[in-house]
Amino acid sequence: MTGRQTVQPLPYLPDWPAVTSAVPRDAGDEETIRTLLARMTLEEKVGQLIQPELTQLRPEDVRDYKIGSALNGAGCWPGGDRHASASAWRDTVETFRAAAEEAYRDRPFRIPFVWATDAVHGHNNVAGATVFPHNIGLGAAGDPGLLRGIGRATAEEVRATGMGWTFAPTVATPRDRRWGRYYEGYSEDPAIVARYAREVVTGLQGDAAHLRSGAGVIATLKHWVADGATEFGADRGTAKCSEDNLRNIHAAGFLSGIEAGAQAVMVSFSSWANPANYDHTPGRATPYNHKVHGSRYLITDVLKDRIGFDGITISDWDAHVEVAGCSESDGGYSFLAGLDVLMVSQRDAWQSLYRTTIGQVRSGVIPMSRIDDAVTRVLRVKLRAGLFDRDPGAAPADPVGVLGSPEHRRLNREAARKSLVLLKNADGVLPLAPHGRMLVTGSGAASLSKLTGGWTVTWQGDDIEAADLPEARTVAAALRERIPDVTVDPLLTEADPSAHHVAVVVLGEDAYAEMRGTIRRWRSAAYADLKLSYARDLEILRRLRAAGSTIVTVMLTGRPLYVTEEINLSDAFVVAWLPGGEGGVAIAEMLFGAEDFQGRLPCLWPARRDSVAVNRIPPHIPGYGVPPEEQTHEPLLPFGYGLSLLDEQPGADGKPLPLDERAGSSPIVPAGAPIEVSGPEHSFVITGHHTWSGVSVPRDQPVDTLIVAATPATSPSGGPALRLRYKGHPALVYARTETREVRDLRAYARNGGTVSMGIRVLERPDAPLLLACHDDYPGQPGLDLLPHLHGVAAGEWTTLEIAGADLARAGMDLEHVDVPFMLYCDGRGEVEICDVRWLIR
C-alpha cells in the first residue's frame, strides 16, 4: 500500500532548553579575542558590525572603514556580469579581502574579512553552479543523509568562489501555504525541520576541525523565529502564536542546528505579538512595534542567554529599518536588542549607520559592553572558521571543475528523483513505455525557471536563461532525449492529441521569491485561480480528457495548492516541487521507471480552495489546540502520503475525488463615484529592488531612491502632478489609502469603467511601463502602457483611458483591490502623471 513518511516525534519542551554546540568554546580563541578587543579602536569594532552589499561597496571602503564582511545579494554579480566565472568571483572577493589586510597593515594585529552569500539551494547566485531542489522537495525525499551531502557539495562550490559564509539553511516551519517563502521550509512538521537542519549544518560546516581547516563554510540558521507562523501567510507579517508553539514548532530547526554547531543566526523580518516580547527601552516617542529585529527577549534573553548560542546574530536585508524608532542610519534599538551585525544595502545608508553607531556609543546610548559582546561573537566565528590561520597572501585554489561538477550533478539528480511524490497512477500508466508518440504540453513543459524557482541566479529566478544553467534540461528536452517521437506544444495550439499515445502535461507555478510569491489573504489557493496561464493548463487537461488521451501530469510548485480537478483529469499525477537544475532529467527518468517513487508528502494536501493553513497536529505537544490562524477541515491527502509503482491504486472504483464546488466570488458591488487616486485620501509609495520596505512619496518635496526619483510637478491645468524617473531596477510606484481599503472594482470593468490619467513621457522607458491595480507584480500581471503612447511626442501631455475590462482580461483580480493604481518598470525612463482616477461611464 502507500508509503508513509515516518518521523520520530520531537520531545515536548516546557521551557527553552540550554543547547550544547558541536563547536565548543576554545580557551585559546577566547584569550585571543580578549587581546584583540583591548587593542581595537571603536571605529575598528563598529566596522566589524556592518555588512554592506557588493554593488554598494568598494575595496577602499573596506580599507577605510575596517569593514569585516560583505555579501552579494541575488542578482548582483562582479561587474554586473550574470555569467561571471568562478574565477571572476574569486578575484572579486580576493580584492576586498586584500583591502581588509591593507587596513591593518600598520596595526600590531589583523582582522580577516569574510564574504557571505545566499547559497540556499546550492550556490544559486552563480551561473553554472549546481542548483539543488528547493527545501520543500527535499522534505519530501525523507533522506537526511542526502541533505548532509547537499550541504557538503554546496560548501565546496561556495569555497571555490572564495566565499566563506552562506545564509542557509532556512529552518522555518511553514504553516500557511499563502506564504511566498513556503518552499524554503522542509515541512510543516517541526520534526522533519529539526532532523534536516542538523544534517545541512553538518554538511556545510563539518565538525570543528573541518570548519577550521577552511573546507567548510559558516552556516546560518534563518529566520529567527516564527516567520512561518505569520497571520495570513503575510511576508514580514505578524506571528500571533503562543510561546509554547513558538518553542515547540517554530524553533525546532534552530535548536537542532545550534546543536550541530551553526555559527550564525539570521533574524526574521516578521513580528511576534506576545506580551513576553517587551519594549526594552520604554518611554520612547515611537513605542516598540514587536518586530523580531528589535526583540531583546527573543534575541538576547532566549537565543543567547537561555539556549546558549554564542555565534553571530545577523539582521536580514535592511531589516532594522522596520523596527519602530530605527532608520537606515540608526540601528541602535536593534543593536541593544542583541543583533551583532546589521546587513545594510545602500552605500550612503551603511556609511551613515557607521557614523551614527559610533556617536551612540560615545554618547552612552549603546554601552561599550554591547559593542564588545557583538565584536567578540564576530571574532569567535572568524577564529572557528580558520580565517586567522590562513596565510593572507596565499593564492586562491583553482576553482575550475568544482562548480556544477559531474559528481554534484549526480547528487542533484538523485535529490530530484527522491523528492518526486506520486499522487495517482490509475491502471499502472507509469512507468511509460520507451516507445510510441508522446505529446508534451503545459506551461512548464519548456520552462527552466519553473524547475528552479526563486533564488536562482536572480532574486525572483523568473528570468533564467539556458546560459545560466548550461547543463540543465527542461522536461520537454529531457523527454526528447529518451524517446524519439515527441511533440512539444506548451499551449496546445497546433498538436493533435489523438495522434499521440500519451500526453505529458507539465503545469506549475511561475518562479517567485519572497514578497512577490505571497498569495493575498482574500485570494483562492486553487492553482487555476491564481493566473490566466495556470487556468490555461487546466483547460489543456480538459481538452485532452475530452479527446480521450492518456494523461500524465507533472506539477512544479513551491507549495501544495488545490488541484483536485487536475488530479481527476489525469491518469497519473506527480508532484515534482521545484526540483532544480537536474529536475527535467530526473522527471524524465522517473516517468520511464528508472526507479520507484519514494517521495512522501511533507505537508497535508488541500481539499478546498481556501485550504491554506490546514496542518498536521504536532504529536509531541500535549493537548495541542489548533490556533485561530490555522484551519481544522480535512485535507484531501494526509501528511506522509505517496504511492509506489507497486501500490494498489486508491479510487479503483473509478470515482473521482470530491471537488470544491463552492462559489469562489462574492456578489459584485455596484460602482460608485469616481475614485480619485490623485486625491488626498491616497498616498504614493516607492518599492522594489533594494527598497522593499517602501518609501513614502511626499506631495510637496522630492524623494530620491536607488530605483526611482519622484518629484512634485505641475499638470497642464496647473494642478499637482508627479514626475517619476525610473533608474533601471525593478520598481513599483503605487497609490494606497491609509487603511489599505480593499475595494471591489468589477463593476467598473463590466460597465465601461476606465483608469484615466494624464501622462507625458520625458524619456521613453526602455522596458515596458506596466499599469496594474495591485502591488504584487508579477504575482498578478500588468498592462504595458507604451503601445498606448505610440505617436505621442516626447514632452507632450496626453490623457490615457485604459478600460477596466482590459485589466480584467489581462488577469488582474478586480474583486479585491487595495492598490487602485500602480506603475511598474525595470528599465530606465521618465514620465509625469496627474489626475489619476477610476471613472464609470
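## The largest pocket

In this predicted model, the lining of the largest pocket divides into 11 nonpolar, six polar and 12 charged residues. The lining comprises 29 residues. Ala234, Asp235, Arg520, Arg740 and Asp775 lie nearest the centre of the pocket. The space inside the largest pocket is about 990 Å³.

Two strands, β18 (682-688) and β23 (731-737), each supply at least two residues of this lining. The largest share comes from β23, with three residues.

## Enclosed cavities

The count of cavities of 30 Å³ or more comes to 11. The largest cavity holds about 280 Å³ of space. It is lined by 21 residues, and Asp118, Trp317, Trp455, Trp459 and Glu514 are the closest to its centre. By class, the lining of the largest cavity has 11 nonpolar, four polar and six charged residues.

The second largest cavity holds about 200 Å³. Its lining has 17 residues. Nearest the centre of this cavity lie Arg516, Gly517, Lys531, Arg559 and Gly779. Here the lining divides into six nonpolar, three polar and eight charged residues.

## A three-stranded parallel sheet

Strands β2, β3 and β4 form an open sheet in the order β2-β3-β4, with parallel pairing. The edges are β2 and β4 (165-166). Each edge strand has a single partner, so one side of each is left without a neighbour in the sheet.

Strand β2 (residues 69-72) is joined to β3 by four bridges. Across this pairing, Ala70 stands opposite Trp115 of β3. Two bridges join β3 to β4, and these strands also run parallel. The bridge partner of Thr117 is Thr166 in β4.

Which residues cover the two sides of β3 (residues 114-117)? Val114 and Ala116 lie on one side, Trp115 and Thr117 on the other. All four are buried, and both faces of the strand are covered.

## Helix α11

How many of the 11 residues of helix α11 (residues 296-306) are buried? The number is eight, so the helix is largely enclosed by the rest of the structure. The buried residues are Tyr297, Leu298, Ile299, Thr300, Asp301, Val302, Leu303 and Lys304. Asp301 and Lys304 are among them.

An α-helix has 3.6 residues a turn, so residues three or four places apart point the same way. In α11 the buried residues include Tyr297, Leu298, Ile299 and Thr300. Just after the helix, Gly308 takes a positive phi of about 90°.

## Aromatic contacts

The structure holds 17 aromatic pairs. One of them joins Tyr104 and Phe109. The ring centres lie 5.6 Å apart and the planes meet at 50°, so the pair is tilted. Are the two residues buried or exposed? Tyr104 has 5% relative accessibility and counts as buried. Phe109 is buried too, with a relative accessible area of 8%. The cut-off for buried is under 20%, so both values fall below it.

Trp16, Trp224 and Phe254 form one aromatic cluster. Trp16 also has a charge over its ring. The charged end of Arg247 sits there, 5.6 Å from the ring centre. Arg236 lies over the face of Phe269, at 3.6 Å from the ring centre.

## Leu604 in a loop

Where does Leu604 lie? Leu604 belongs to the loop between α21 (583-591) and β17 (675-676). At 9% relative accessibility, Leu604 counts as buried. Leu604 and Leu636 are 32 residues apart along the chain. Their C-alpha atoms are separated by 7.6 Å.

Terms used:
Residues numbered from 1 in each chain as written. Predicted model: local features only at pLDDT ≥ 70, side-chain atom pairs only at ≥ 80, totals over all residues. Heavy atoms only, no water. 1 Å grid on protein atoms, 1.4 Å probe; cavity = no way out; pocket = protein on both sides within 12 Å on 5 of 7 lines; lining within 4 Å. Points joined across faces, edges and corners; volume = space filled by probe spheres on them. Nonpolar A, V, L, I, M, F, W, Y, C, P; charged D, E, K, R; others polar. Buried < 20%, exposed > 50% of the residue type's maximum accessible area, 1.4 Å probe, protein only. Phe/Tyr/Trp six-rings, centres within 6.5 Å; stacked < 30°, edge-to-face > 60°. Lys NZ or Arg CZ within 6 Å of the ring centre and 35° of its normal. Pairing = 2+ DSSP bridges.
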